[in-house]
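Please read them with the structure open.

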Amino acid sequence: MPVTIKDLSKELGVSRSTISKALNDRPYVSPETKARVLRAAQELGYQPSAAARNLRRQRTNKIGLVVTYPIHRVSDFLSELIPGMATVAEEAEYNLILYASMVGRVERIKSLCRSREVDGIIIAWPPRLSETVALSQLLTDEDMPHIFLPRRVPHSAVSYVAADHVQGARLLTQHLIALGHRRIGFERLPEVYETDDDRHAGYAQALREAGIPYDASLVVSANSQDTEYERRSFDAFQALDEPPTAILFFTDPLAIRALSHAKARGIRVPQDLSVAGYDGIPSSGVTEPALTTVRQSTAQMGVLAVESLLKLIADGGAESQQHILPVELIARGSTGQNVRA
């Protein structure tokens, strides 16, 4: 049985109130009595009750990570995101609680707020802008500190952490242009809203800067509800009268699958087709050939999200926390000179 304040009181012949004051370094307890209480607590193995302490403080010392996107599609991303989050949370003596399968479950999120299971919430993959703003307002009304990631939220009152997706797609496109490519395919994923818009903007910006006309036929929109959408995107590019000599796929996993599709069709990468992904997940470096990609600071994103949320928890009146993190181009063997130029 754990040692309680009642046990210490009985052992020392001191009131429970005095024991509590001594343990919490409160005034009106003599130094001698405080020393006796602390010594006895150590010798008897007393551990304060976190539940009782948190009840008094009206804090749980827990942070919720709410994933509103099918978790099997983002497992690689989460494997890098969560360790950064957990490290900062633990240093601040907080626990990180994962809430998966929260796709479209606004009522469950509301219940999470009202039950006060956590002191703050990090929401991964916010919905479309109007719904995100409404969700943020709901959380604000429920007095629940919160922050979104990994998507930019174009609203001054909403806190978020995101990567610089405009620059990421621009760097990839510039890399391919420098290799002599002019017909560059670009895969979109409209369901991720601002992230899709930002990457498309970066792609178009790089073409414009190089004086290359934008060709809508080289832009394919994928639908992840289609179980074979990565293959359909690849086939759509190859079905063009003049297929692209390079393709930017929306994520590394999609680009990795594209390497397999190319091999099955006898298309050599990068001799016949250059392929690039996006995210910089660890497996992108061990494909054959290794995948050219843009690396997001995913671990740093997790660190910054928790640090920002802790600020919001500590100061309920703090201004919104909005952060755009830099990205890094990783050029590898899946992209090469355009021999058809």
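**Notes on the predicted model**

1. Ser 233 lies in helix 10, which covers residues 229–238. The model is a predicted one, and the values here are computed from it. With a relative accessible area of 2%, Ser 233 is buried, because the cut-off for that class is under 20%. Leaving out residues up to four places away in sequence, Ser 233 touches Glu 187, Val 220 and Ala 222.

2. Leu 8 belongs to helix 1, residues 5–12. Its relative accessibility is 0%, so Leu 8 counts as buried. Residues up to four places away in sequence aside, Leu 8 touches Val 3, Ile 19, Leu 23, Ala 40, Ala 41, Leu 44 and Tyr 46. For one of these, Ala 40, the C-alpha separation from Leu 8 is 7.2 Å, although the two residues are 32 apart along the chain.

3. Most peptide bonds are trans, and most residues other than glycine have a negative phi. The bond from Leu 149 to Pro 150 is cis, with omega near -5°. Pro 150 sits in the loop between strand 4 (146–149) and strand 5 (160–163). The bond from Val 269 to Pro 270 is also cis, with omega near 10°. Pro 270 is in the loop that runs between helix 11 (252–264) and strand 9 (274–276).

4. Positive phi values come next. Arg 116, a residue other than glycine, has phi near 55°. Arg 116 is placed in the loop between helix 6 (106–114) and strand 3 (120–124), and its relative accessible area of 36% makes it partly exposed. Asp 279, likewise not a glycine, has a positive phi of about 135°. The loop that holds Asp 279 is the one between strand 9 and strand 10 (293–296). Is Asp 279 buried or exposed? At 12% relative accessibility, Asp 279 counts as buried, because the value falls under 20%.

5. Which residues touch the most other members of the largest nonpolar core? They are Ile 122, Leu 149, Phe 249 and Val 275, in a core of 65 residues. Helix 12 (residues 298–314) gives the most to this core, with eight residues. A second, separate core has 17 residues, including Tyr 99, Leu 135, Val 153 and Tyr 160.

6. Ile 122 deserves a separate entry. Setting aside neighbours within four places in sequence, Ile 122 is in contact with Ile 63, Gly 64, Leu 65, Val 66, Met 85, Ile 147, Leu 149, Ala 305, Val 306 and Leu 309. Among these contacts is Leu 149, which is itself listed with Ile 122 among the core residues that touch the most other members.

7. How many cavities of 30 Å³ or more does a search of the whole structure find? The search gives three. The largest cavity holds about 50 Å³ of space. Its lining consists of Ala 169, Leu 172, Phe 186, Arg 199, Leu 248, Phe 249, Phe 250, Gly 277 and Tyr 278. By class, the lining of the largest cavity divides into seven nonpolar residues, one polar and one charged.

Key:
Residues numbered from 1 in each chain as written. Predicted model: local features only at pLDDT ≥ 70, side-chain atom pairs only at ≥ 80, totals over all residues. Heavy atoms only, no water. Helix = DSSP H or I, 4+ residues; strand = E, 2+ residues; numbered from the N terminus. Buried < 20%, exposed > 50% of the residue type's maximum accessible area, 1.4 Å probe, protein only. Contact = heavy atoms within 4.5 Å. 1 Å grid on protein atoms, 1.4 Å probe; cavity = no way out; pocket = protein on both sides within 12 Å on 5 of 7 lines; lining within 4 Å. Points joined across faces, edges and corners; volume = space filled by probe spheres on them. Nonpolar A, V, L, I, M, F, W, Y, C, P; charged D, E, K, R; others polar. Core = buried A, V, L, I, M, F, W, Y, C linked by side-chain atoms within 4.5 Å.
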